[in-house]
Amino acid sequence: VAICKPLHYGTLLGSRACAHMAAAAWGSGFLYAVLHTANTFSLPLCRGNALDQFFCEIPHILKLSCSDSYLREVGLLVVSACLVFGCFVFLVVSYVQIFRTVLRIPSEQGRHKAFSTCVPHLAVVSLFLSTAMFAYLKPPS
């Protein structure tokens, strides 16, 4: 909003809009955590509760379960994929709009200033996404 519509920034992104965006981010994260926690605590464990891992990841807990957890796992994967895909699409659409607006700035100095504002954030987001993809999409060993 600050780059695409700078003169409307105060009216479009007031405290109410910021509160709604923060509530949506916190709410979706809380819902995601509650789904995983409820699923984990409802599993009957027959092989003890000790993991040979530093991180207590969901797939390792599912291996300790006595019940057939296939449907639960697929359900959580679908919910997780929808949430991740929705966030990724929102991010890509936002950056496309930002870059389209920046490229329409007539002055070279204005474009440079706008790009210098966006590039650090884009670098952090791409670093985060690439490490997450490396951690979670690598083949199991």
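Colleague: How many salt bridges does the structure hold?

Modeller: Side chains of opposite charge can pair when their charged atoms come close. This predicted model holds one salt bridge, that is, a side-chain nitrogen of Lys or Arg within 4 Å of a carboxyl oxygen of Asp or Glu. Local features need pLDDT of at least 70 and side-chain atom pairs pLDDT 80 or more, while totals for chains, interfaces and linings use all residues. Residues are numbered from 1 along each chain as its sequence is written, and side-chain values use heavy atoms, without hydrogens and water.

Colleague: Which residues form the salt bridge, and how far apart are the closest N and O atoms?

Modeller: Arg 111 pairs with Glu 108, with the closest N and O atoms 2.7 Å apart. An α-helix has 3.6 residues a turn, so residues three or four places apart point the same way. Here both lie in helix α5 (residues 108-136; a DSSP run of H or I, at least four residues), three residues and about one helical turn apart. Glu 108, at 55% relative accessibility, is exposed (over 50%; buried is under 20%, partly exposed in between, with a 1.4 Å probe and protein chains only).

Colleague: At what angle do the axes of α2 and α4 cross?

Modeller: Two packed helices are described by the angle between their axes and the distance between the axes. The axes of α2 (residues 15-41) and α4 (residues 70-103) cross at roughly 170° and come within 11 Å; they are lines fitted to C-alpha atoms over the stretch in contact, with angles from 0 to 180 degrees between N-to-C directions. That makes α2 roughly antiparallel to α4 (over 145 degrees).

Colleague: What do the buried residues of α4 pack against?

Modeller: They pack against α2 and α5, contact meaning heavy atoms within 4.5 Å. Leu 76 and Ser 80 are among these buried residues.

Conventions: Helices (H or I, at least four residues) and strands (E, at least two) are DSSP runs, numbered from the N terminus. Angles under 35 degrees count as roughly parallel, over 145 as roughly antiparallel, 65 to 115 as roughly perpendicular and the rest as oblique.
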